[in-house]
Amino acid sequence: MPDPNRLTPEARQANATAGIFNIRDFGARGDAIADDTAAIQSAIDAATGDADPAKGGRLARGTVYLPPGIYLVSKPLRVYSVSYLTFRGEGKSSRICPIGSMDSVLDLNGTAFCNFQDLLIEGNSQTGKVENVVYSYFDAKTASRTTSGNVFRGIQIQNVPFTTAFRIGLWGSNAQCDAGSYE
């Protein structure tokens with residue numbers, strides 16, 4: 001029986017054409033049981049394009065949308081070399097829960113003028129130590145553009161054992177990473 005949370009390829013294409021990349025269309029369950037990392041990353045990759053992020057900046061194709069649910073992630077969600085992406089949920093009802101230890105939950109390298117909004121990043125009994133909950137930086141080896149002008153609005157962090165909530169820039173680097181807004 002088909003998964004009712006997953007759209008047909010035709011319906012998924014219609015959403016993508018409209019610029020909405022709903023993570024459930026990519027197989028995310030949001031049931032607090034399944035590891036949704038691959039599905040969320042697939043939606044991010046579809047919204048940011050196929051070009052190699054180390055070789056050229058990309059313009060986002062639309063919005064990565066996280067409908068209400070509890071999405072377990074076991075690895076950082078990577079957004080590299082993209083401008084004008086929106087990554088949004090529905091406030092506290094759109095929860096990203098890291099499982100295990102990791103360097104970051106959102107790994108943002110070479111992002112510009114992107115919006116990250118209305119999410120709850122929440123720990124649970126499976127959450128290990130998270131070094132940087134949101135890590136925004138520029139590394140010329142893996143991204144082709146600098147990091148600038150991103151907006152973080154309504155991102156809440158709860159019960160996550162972390163070293164840094166929002167880390168900006170690489171240690172010891174003078175590469176550009178500026179003009180972010182945190183609301």
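This is a predicted model: local features need pLDDT of at least 70, side-chain atom pairs count only at pLDDT 80 or more; totals for chains, interfaces and linings use all residues.
Colleague: Why is Asp 107 called buried?

Modeller: Asp 107, which is found in strand β9, has a relative accessible area of 3%, and because buried means under 20%, the residue is called buried.

Colleague: What makes the pairing of Asp 107 and Tyr 80 a polar contact?

Modeller: The side chains of Asp 107 and Tyr 80 are joined at 3.2 Å, and since a polar contact needs N or O atoms within 3.5 Å, that value meets the cut-off. Leaving out residues up to four places away in sequence, Asp 107 also touches others, including Pro 76, Leu 77, Tyr 135 and Tyr 137.

Colleague: What makes α2 mostly covered?

Modeller: Nine of the twelve residues of α2 are buried, among them Ile 40, Gln 41 and Ile 44.

Colleague: Which residues touch the most other members of the largest nonpolar core, and which element gives the most to this core?

Modeller: Of the 34 residues in that core, Val 64, Phe 87, Ile 96 and Ile 121 touch the most other members, while α2 gives the most to the core, with six residues. Leaving aside neighbours within four places in sequence, Ile 96 is in contact with residues including Leu 66, Phe 87, Val 105 and Ile 121.

How values were computed: Residues are numbered from 1 along each chain as its sequence is written. Side-chain values use heavy atoms; hydrogens and water are left out. A nonpolar core is a set of buried Ala, Val, Leu, Ile, Met, Phe, Trp, Tyr and Cys residues joined through side-chain atoms within 4.5 Å. Buried means under 20% relative accessible area, exposed over 50%, partly exposed in between (1.4 Å probe, protein chains only). Helices (H or I, at least four residues) and strands (E, at least two) are DSSP runs, numbered from the N terminus. Contact means heavy atoms within 4.5 Å. A polar contact is a pair of N or O atoms within 3.5 Å; within protein, one must be able to donate a hydrogen and the other to accept it, and residues adjacent in sequence count only if both atoms are side-chain atoms.
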